[in-house]
Amino acid sequence: MKKTTLRSEVVDMLTLEDLCRFCHADEAWVIELVEHGVLDPIGGTSSNWRFVGTSIRRAKKARRLNRDLGVNTAGVALVLDLLDERDAVLRRLAQYEAL
């Protein structure tokens, strides 16, 4: 019997191609997210882009908004910005309540 081992790898950076596979999306859609400011890749051109943790999470949320609710790219940008603002307000509120 073959011995199996558990591999736990944390992915902290994805290429454009990897991000597309991860989100089940095409490159044109991800490029559109970058153009709308939803994602902020590292690198000068799309062939050099690398996406780090925050962009990976935002891309996954963006994909769910687009796929499940039919939100277009501009709407996705607005929703994600509002969610970020809400999270910031909740963090500040928690700090005040802790005092």
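**Close-up views of helix packing and core residues**

**View 1. Packing of α1 against α3 in the predicted model.** Helices α1 and α3 pack with their axes 10 Å apart, at an angle of about 40°. Axes are lines fitted to C-alpha atoms, for helices over the stretch in contact, and angles run from 0 to 180 degrees between N-to-C directions. This makes α1 oblique to α3; angles under 35 degrees count as roughly parallel, over 145 as roughly antiparallel, 65 to 115 as roughly perpendicular and the rest as oblique. The crossing of α1 and α3 is right-handed, a crossing being right-handed if the near helix is turned clockwise from the far one by less than a right angle, and left-handed if anticlockwise. On the α1 side the contact is made by Leu-19, Phe-22 and Cys-23, and on the α3 side by Ile-56, Ala-59, Lys-60 and Arg-63. Contact means heavy atoms within 4.5 Å. By class, the residues of this contact are five nonpolar, no polar and two charged (Ala, Val, Leu, Ile, Met, Phe, Trp, Tyr, Cys and Pro count as nonpolar, Asp, Glu, Lys and Arg as charged, and the others, Gly among them, as polar).

The model is predicted: local features need pLDDT of at least 70 and side-chain atom pairs count only at pLDDT 80 or more, whereas totals for chains, interfaces and linings use all residues. Residues are numbered from 1 along each chain as its sequence is written, and side-chain values use heavy atoms, with hydrogens and water left out.

**View 2. Cys-23 in helix α1.** Cys-23 is buried, with a relative accessible area of 1%; buried means under 20% relative accessible area, exposed over 50%, and partly exposed in between (1.4 Å probe, protein chains only). Leaving aside neighbours within four places in sequence, Cys-23 is in contact with Ala-59, Lys-60 and Arg-63. Cys-23 and Lys-61 are 38 residues apart in sequence, and their C-alpha atoms are 9.1 Å apart in space.

**View 3. Packing of α1 against α2, and the loop between them.** The angle between α1 and α2 is about 105°, and their axes are 9 Å apart. That makes α1 roughly perpendicular to α2. Leu-16, Leu-19 and Cys-20 of α1 meet Glu-27, Val-30 and Ile-31 of α2 in this contact, which has five nonpolar, no polar and one charged residues. His-24 lies in the loop between the two helices and is exposed, with a relative accessible area of 62%. Its phi is near 55°, a positive value in a residue other than glycine.

**View 4. The largest nonpolar core.** This core has 22 residues, and those with the most contacts inside it are Leu-19, Val-30, Leu-33, Val-38, Leu-39, Phe-51 and Val-76. A nonpolar core is a set of buried Ala, Val, Leu, Ile, Met, Phe, Trp, Tyr and Cys residues joined through side-chain atoms within 4.5 Å. The elements that give two or more residues to this core are α1 (16-23), α2 (27-35), α3 (53-69) and α4 (73-98); helices (H or I, at least four residues) and strands (E, at least two) are DSSP runs, numbered from the N terminus.

**View 5. Leu-39 and Ser-55 in contact.** Leaving aside neighbours within four places in sequence, Leu-39 is in contact with Leu-19, Val-30, Leu-33, Val-34, Phe-51, Ser-55, Arg-58 and Ala-59. Ser-55 lies in helix α3 and is buried, with a relative accessible area of 4%.
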